[in-house]
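Welcome! Here is a short briefing to read alongside the sequence and the 3D view. Take a look at the structure first, and then we will go through it topic by topic.

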2 protein chains.
Amino acid sequence: MKKYEAISAEIKRRIMEKEYSTDSPIPDEISLAKEFACSRMTMKKALDVLVMEGLLYRKRGHGTFIVKSAIDNKLVNVGTGESLGLTNLLKNKKIESKIVLYEVMFPNEEVASHLSITTKTPVYHIVRLRIVDGEPYVLEDTYMPSDLISGLTEEILHFSIYQYIKEKLGLTIAGSHRKIRACKSNELDQQYLNCASDDPILEVEQVSYLNTGTPFEYSFSRHRYDKFFFTAVSILKP
Amino acid sequence: MKKYEAISAEIKRRIMEKEYSTDSPIPDEISLAKEFACSRMTMKKALDVLVMEGLLYRKRGHGTFIVKSAIDNKLVNVGTGESLGLTNLLKNKKIESKIVLYEVMFPNEEVASHLSITTKTPVYHIVRLRIVDGEPYVLEDTYMPSDLISGLTEEILHFSIYQYIKEKLGLTIAGSHRKIRACKSNELDQQYLNCASDDPILEVEQVSYLNTGTPFEYSFSRHRYDKFFFTAVSILKP
DNA sequence: CAGTGGTCTAGACCACTCC
DNA sequence: GAGTGGTCTAGACCACTGG
């Protein structure tokens with residue numbers, strides 16, 4: 001365990017257990033560094049983690065304060081650090097996948113540009129219905145370069161593509177860029193998500209990339225509006 | 001200008017102007033530190049900024065790489081660092097506000113808990129329709145403790161509450177926690193946003209807090225589905 | 001092995017706030 | 001002036017990668 005992570009976890013525990021008052025600042029960085037026997041830079045890095053999570057806020061010249069709304073609403077640890085993929089997000093649920101479409105094709109201009117490839121590079125085109133605890137949840141429309149994500153089988157599609165990429169292909173997923181919007185449901189949504197024609201859809205458009213910077217996935221996840229919301233933490237610069 | 005910000009901006013410029021190849025790593029941290037006449041820690045901090053924006057990715061033992069999908073799709077600088085408030089987001093547009101409701105009331109349990117106050121603390125309850133370039137855009141339902149955000153007038157509501165908080169009250173807005181979801185439109189939405197009964201709504205539920213950690217706003221922003229999408233960058237830890 | 005990024009140190013000075 | 005966080009330094013050692 002890295003030192004700053006251990007310290008960060010301990011401070012977080014103290015905040016959650018209300019061992020620090022929310023009306024006055026927590027101890028200053030130098031005192032905390034002394035207590036945890038580390039340098040001030042390391043202490044700062046430990047606190048940075050909690051600032052990023054929206055749990056702490058610093059006031060220059062004053063001190064470091066607890067964000068009251070965070071502790072009350074337990075909203076921490078969402079946003080930029082979370083894992084990708086339903087399989088990771090819902091570890092305790094039973095997830096099934098129904099394969100609606102599975103083909104290899106040449107991408108159109110739009111798909112190609114998001115994947116940083118040409119329209120001559122073949123891609124997998126996969127449409128999967130993800131079913132959580134027996135209920136239809138999200139319809140995923142995914143494009144992946146077939147030379148990059150090689151060896152896909154229906155068996156993998158029934159489980160987790162991300163896990164295959166990480167564990168079998170040995171690739172490292174670095175992050176993603178997303179757009180979240182509301183839209184009307186189309187016939188495909190209604191058919192597979194079992195929703196009414198006036199039920200809205202929460203759509204997440206996403207480009208995911210590997211730790212080489214290469215995009216490996218361009219996808220549209222269409223969620224039932226009653227099964228999903230997206231959370232985010234914004235930290236403004238002073 | 002802080003040194004690391006200046007360096008960060010210069011590196012970003014080089015990436016955008018394609019002065020670095022996307023197929024090989026950018027120069028290593030030590031070389032860059034030498035070039036910019038700074039310590040390696042400062043160089044690292046400058047690169048951290050771009051990693052956070054999803055523009056760069058580091059591979060330990062290999063080097064630092066450009067995220068291809070970021071440069072292609074110009075998706076940078078969205079996510080956790082953006083300013084709050086429509087007035088900031090759409091600086092070049094003409095924004096009008098129609099006040100639908102403006103009252104002082106005692107909050108219910110839910111509102112009170114999100115604002116970390118009791119149900120005995122009076123709050124402003126404001127419903128505003130925001131109109132951008134003549135088109136209805138978003139219906140905002142906002143609660144703010146009236147003792148904290150004092151002296152609100154209809155004139156301010158017609159312009160920007162956030163600007164008033166920052167410039168007139170001298171308070172500093174630190175950040176916010178958000179939930180984004182799709183929902184069906186209700187009669188109020190249809191009336192003010194001029195949308196059809198089967199038009200979906202993109203709702204952003206938000207708790208914003210000051211740099212003291214005190215929540216000052218609990219709000220629901222109901223956006224026309226064809227006028228708004230939310231963007232986010234996820235950076236996963238290795 | 002050399003080269004990369006990741007962590008950590010022990011200090012320094014600066015910017016800001018309050019008294 | 002005293003106390004806070006913000007930046008920056010010049011190193012050190014570690015973890016991981018490739019040849």
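Two strands pair if DSSP finds at least two bridges between them. Helices (H or I, at least four residues) and strands (E, at least two) are DSSP runs, numbered from the N terminus. This is a predicted model, in which local features need pLDDT of at least 70 and side-chain atom pairs count only at pLDDT 80 or more, while totals for chains, interfaces and linings use all residues. Residues are numbered from 1 along each chain as its sequence is written, chains are lettered from A and ligands numbered from 1 in the order in which they are written, and side-chain values use heavy atoms, with hydrogens and water left out.

**The sheet**

- Seven strands make up an open, antiparallel sheet, in the order β3(A)-β4(A)-β5(A)-β8(A)-β7(A)-β6(A)-β9(B).
- At the edges stand β3 (95-105) of chain A and β9 (230-235) of chain B; each has a single partner strand, so one side of each is left without a neighbour in the sheet.
- From one strand to the next, the twist averages 15 degrees.
- Six bridges join β6 (residues 173-184) of chain A to β9(B) in the antiparallel sense.
- Opposite A:Gly175 you will find B:Ile235 in β9(B).
- As background, strands of a sheet pair through backbone hydrogen bonds, either parallel or antiparallel.

**Two crossing helices in chain B**

- Helix α1 (residues 3-16) of chain B and helix α3 (residues 40-52) of chain B have axes that come within 8 Å and cross at roughly 55 degrees.
- That angle makes α1(B) oblique to α3(B) (angles under 35 degrees count as roughly parallel, over 145 as roughly antiparallel, 65 to 115 as roughly perpendicular and the rest as oblique).
- Contact means heavy atoms within 4.5 Å, and the residues of α1(B) that meet α3(B) include B:Tyr4, B:Ile7 and B:Ile11.
- On the α3(B) side, the residues met include B:Met43, B:Leu47 and B:Leu50.

**Two residues with positive phi in chain A**

- In general, most residues other than glycine have a negative phi.
- A:Lys18 has a positive phi of about 60 degrees although it is not a glycine, and it is found in the loop between α1 (3-16) and α2 (29-35) of chain A.
- A:Lys18 is exposed, at a relative accessible area of 61% (buried means under 20%, exposed over 50%, partly exposed in between, with a 1.4 Å probe and protein chains only).
- A:Ser116, also not a glycine, has a positive phi of about 55 degrees.
- The loop between α6 (109-114) and β4 (123-132) of chain A holds A:Ser116, which counts as partly exposed at 28% relative accessibility.

How values were computed:
Axes are lines fitted to C-alpha atoms, for helices over the stretch in contact, and angles run from 0 to 180 degrees between N-to-C directions.
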